[in-house]
Amino acid sequence: MNAPSWRIRIGRTAALFAAWVVLIGTDPVGLVIGAGAALAATAASLRLLPPGALHLEPAALAALLLRLPGQGIAAGADVARRALDPRLPLRPGIVSLPLRIAPGPARGAFRALASLLPGTVAASPAVGDDDRLDVHCLDLGQPVAALLAADEERLARALGVPLDG
């Protein structure tokens, strides 16, 4: 293996081991188990996401990640408000969004991200059409498709992947 491959392997292992320590602590037995888990997870991650598949843009990724807690809180508050106030409109339905991120890990990440928009839950893609994402939303009167398209652009920028069209 060449030097960059070793740096990537060591970096991923260190990051995964650090996550283990944060979650489990520094118990000696836990550290040994964590080291083994980090090595196994690194091997799996190198197969599932080979080096060079994504080119993270730190500033764009930070901006995206900083939006997530606010979106989660807004989603919870909006759903609670709609559930408790009968005057607020509930016009549930499905919005179908064309996906512009190419198939792969970035598209999977966007499918997960789509459920974080207030009042939405990503559903299965349209039957026979993996290039679309169906999203169940609480209010079809909201600009769900436009908000999701903007989030798709933010994610693509953060991951350094191109958008189709």
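Ala122 stands opposite Val135 in strand S3. The model is predicted: local features need pLDDT of at least 70, side-chain atom pairs count only at pLDDT 80 or more, and totals for chains, interfaces and linings use all residues. Residues are numbered from 1 along each chain as its sequence is written, and side-chain values use heavy atoms, with hydrogens and water left out.

Start with the sheet. Strands are DSSP runs of E of at least two residues, and helices are runs of H or I of at least four, numbered from the N terminus. Two strands pair if DSSP finds at least two bridges between them. The sheet here is open, has 3 strands in the order S1-S3-S2, and pairs antiparallel. Its edge strands are S1 (93-98) and S2 (120-122), each of which pairs on one side only. From one strand to the next, the twist averages 30 degrees. Such angles run from 0 to 180 degrees between N-to-C directions; axes are lines fitted to C-alpha atoms, for helices over the stretch in contact.

Now follow the pairings. S2 and S3 (residues 132-137) run antiparallel and are joined by 3 bridges. Thr120 has Cys137 of S3 as its bridge partner. S1 and S3 pair in the antiparallel sense over 6 bridges. There, Val95 has Val135 in S3 as its bridge partner.

Look at H4 (105-114). Its buried residues are Ala106, Arg107, Phe110, Leu113 and Ala114. Seen down the helix axis, they fall within an arc of 115 degrees, so they line one face of H4. The arc is that of the directions from the helix axis to the C-beta atoms. Buried means under 20% relative accessible area, exposed means over 50%, and partly exposed lies in between (1.4 Å probe, protein chains only). The buried residues of H4 pack against H3, S1, S2, S3 and H5.

H5 (residues 144-159) holds Glu152. Is Glu152 buried or exposed? Glu152 is buried, because its relative accessible area is 1%. It touches Pro98, Leu99, Arg100, Ile101, Phe110 and Leu163, not counting residues up to four places away in sequence. Contact means heavy atoms within 4.5 Å.

Next comes helix H3 (residues 58-84). Its 27 residues, at 1.5 Å each, should span 39 Å; the end C-alpha atoms are 40 Å apart, which agrees. The expected span is 1.5 Å times one less than the number of residues. H3 has a kink of about 25 degrees at Leu68, shortly before the proline Pro69. That bend is the angle between axes fitted to the seven residues ending there and the seven starting there. Buried in H3 are Ala60, Leu64, Gln71, Ala75, Asp78 and Arg82. These buried residues pack against H4 and H5.

Finish with helix H2 (residues 28-48). Its 21 residues should span 30 Å at 1.5 Å a residue, and its end C-alpha atoms are 30 Å apart, which agrees. Gly30, Gly34, Ala38, Thr42, Ser45 and Leu46 are buried in H2. They cover an arc of only 125 degrees around the axis, which puts them on the same side of H2. On the other side of H2, Val29, Val32, Leu39 and Arg47 are exposed.
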